[in-house]
Amino acid sequence: MRPLKSQFPAHAMTTLETVLKQTQEARVFRRAQAVREVAAGHHVNAVSATFHFTNSALRKWVQRFVNEGPQGLRDRPRPGRPRKVTCELETYLNRLVDQDPLKHGCVHSQWSCRDLVTVLAQQTGLQIGRESVRLTLKKTR
């Protein structure tokens with residue numbers, strides 16, 4: 001195995017110390033700790049065993065840190081289905097909840113998730129589920 005220490009820039013240790021002091025994400029913190037140990041000259045096998053990373057994963061984080069700096073330690077966006085509830089729809093939903101449901105043709109004087117789904121579909125044309133509405137309201141209220 002080739003040594004990784006020669007790849008690090010001169011300011012790597014101070015940058016890693018700053019990341020360790022400022023980050024609030026546990027995954028980034030662990031990655032920064034492991035990369036700091038490799039930058040300090042410890043062998044990749046020992047560091048990966050200590051932090052329970054595979055050797056290839058640790059090498060990946062080291063390479064990302066060398067190439068991208070502290071941003072390289074963060075998770076990359078993962079592929080997947082885009083969210084149906086956008087920020088605009090979330091704002092619209094919060095404004096709708098503050099209004100009287102009777103003015104929107106509902107039978108009851110308090111909103112239910114089912115009523116919100118129906119009114120949203122009528123006013124915006126978007127079909128979202130009751131659970132999506134419930135989770136959005138739970139998150140924002």
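Helix H1 (residues 12-22) has Ala12, Thr15, Leu16, Val19 and Leu20 buried, where buried means under 20% relative accessible area and exposed over 50%, with partly exposed in between (1.4 Å probe, protein chains only). Helices here are DSSP runs of H or I, at least four residues, numbered from the N terminus. Looking down the axis of H1, these buried residues sit within an arc of 140°, so they line one face of the helix; the arc is that of the directions from the helix axis to the C-beta atoms. An α-helix has 3.6 residues a turn, so residues three or four places apart point the same way. Over on the other side of H1, Thr14, Lys21 and Gln22 are exposed. The buried set packs against helix H2 (26-39) and H4, with contact meaning heavy atoms within 4.5 Å.

This is a predicted model, with local features needing pLDDT of at least 70 and side-chain atom pairs counted only at pLDDT 80 or more, while totals for chains, interfaces and linings use all residues. Residues are numbered from 1 along each chain as its sequence is written, and side-chain values use heavy atoms, leaving out hydrogens and water.

Turning to H4 (residues 55-68), this helix holds Arg64. Setting aside neighbours within four places in sequence, Arg64 touches Gly69, Gly72, Arg74 and Arg76.

Cys106 is in the loop between helix H5 (87-97) and helix H6 (113-124), and counts as buried because its relative accessibility is 12%. Beyond its neighbours within four places in sequence, Cys106 contacts Pro101, Trp111, Asp115 and Val119. Thr118 lies twelve residues from Cys106 in sequence and 9.4 Å away in space, C-alpha to C-alpha.

Notes
Helix = DSSP H or I, 4+ residues; strand = E, 2+ residues; numbered from the N terminus.
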